[in-house]
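Morning, everyone. Please have the model open on your screens. I'll take you through it in a few minutes.

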Amino acid sequence: PLFYQHCPPFVNRESIRADSRALPPGKTAADKYYLGYFQGGQLAAVLDLILDYPRAQTAFVGFFMLARQLQGRGVGSAIVAEVLQALARQGYTHVRLGYVKGNPQSEAFWLKNGFRPTGIETHPAAYTVVVLERPTAQPE
């Protein structure tokens, strides 16, 4: 619910379909993965991932949402760590994403997972998106 307070409108069947097909300029459906993570037969998380965007060897997380009842238990961070490891094995060096400015839950989650502001902010609608990025592998 907090996500949709900052990034309306609230989700519906049509918006999910549209999100699952949405692509940035220059990308095709072959570059996009809309992943579902399941726990106990129930959808636990959704991740929208676009490869080689905005540049080669960078993956872009367009959307990540974890079921409310699983938040605060380390499940989301475990999924992010797994995705980062898988991308590193495939030769990706960075992951980029954005969160809606003013959403403290999203900001805290991504910062906790090692993402840092790039200094870029965009304004795709009636809100501001803060762009973050991190290497797929953290320096030792």
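Start at Tyr33. Its bridge partner in S2 is Leu49. Keep in mind that this is a predicted model. Now widen the view. Strand S1 covers residues 32-39, and strand S2 covers residues 42-50. The two pair in the antiparallel sense, over 8 bridges.

What is the strand order of the open sheet? Read it off with me: S1-S2-S3-S4-S6-S5. That is 6 strands, with mixed pairing. S1 and S5 are the edge strands, and each pairs on one side only. On average, neighbouring strands of this sheet are turned by 30 degrees against each other, direction ignored.

Next, the helices. Helix H3, residues 75-89, lies across S1, S2, S3, S4 and S6. It runs at about 160 degrees to S3. Helix H4 lies across S3, S4, S5 and S6. H4 runs at about 160 degrees to S4.

Follow H4 to its end, and stop at Asn113. This residue sits in the loop between H4, residues 104-112, and strand S5, residues 116-122. Is Asn113 buried or exposed? Its relative accessibility is 11%, so it counts as buried; the cut-off for buried is under 20%.

What does Asn113 touch, leaving out residues up to four places away in sequence? Ser77, Val80 and Arg134. With Ser77 there is a polar contact between the side chains, at 3.2 Å. The side chain of Asn113 also reaches the backbone oxygen of Phe109, at 2.8 Å.

That's my tour. Over to you.

Technical notes:
Residues are numbered from 1 along each chain as its sequence is written. This is a predicted model: local features need pLDDT of at least 70, side-chain atom pairs count only at pLDDT 80 or more; totals for chains, interfaces and linings use all residues. Side-chain values use heavy atoms; hydrogens and water are left out. Helices (H or I, at least four residues) and strands (E, at least two) are DSSP runs, numbered from the N terminus. Buried means under 20% relative accessible area, exposed over 50%, partly exposed in between (1.4 Å probe, protein chains only). A polar contact is a pair of N or O atoms within 3.5 Å; within protein, one must be able to donate a hydrogen and the other to accept it, and residues adjacent in sequence count only if both atoms are side-chain atoms. Contact means heavy atoms within 4.5 Å. Two strands pair if DSSP finds at least two bridges between them. Axes are lines fitted to C-alpha atoms, for helices over the stretch in contact, and angles run from 0 to 180 degrees between N-to-C directions.
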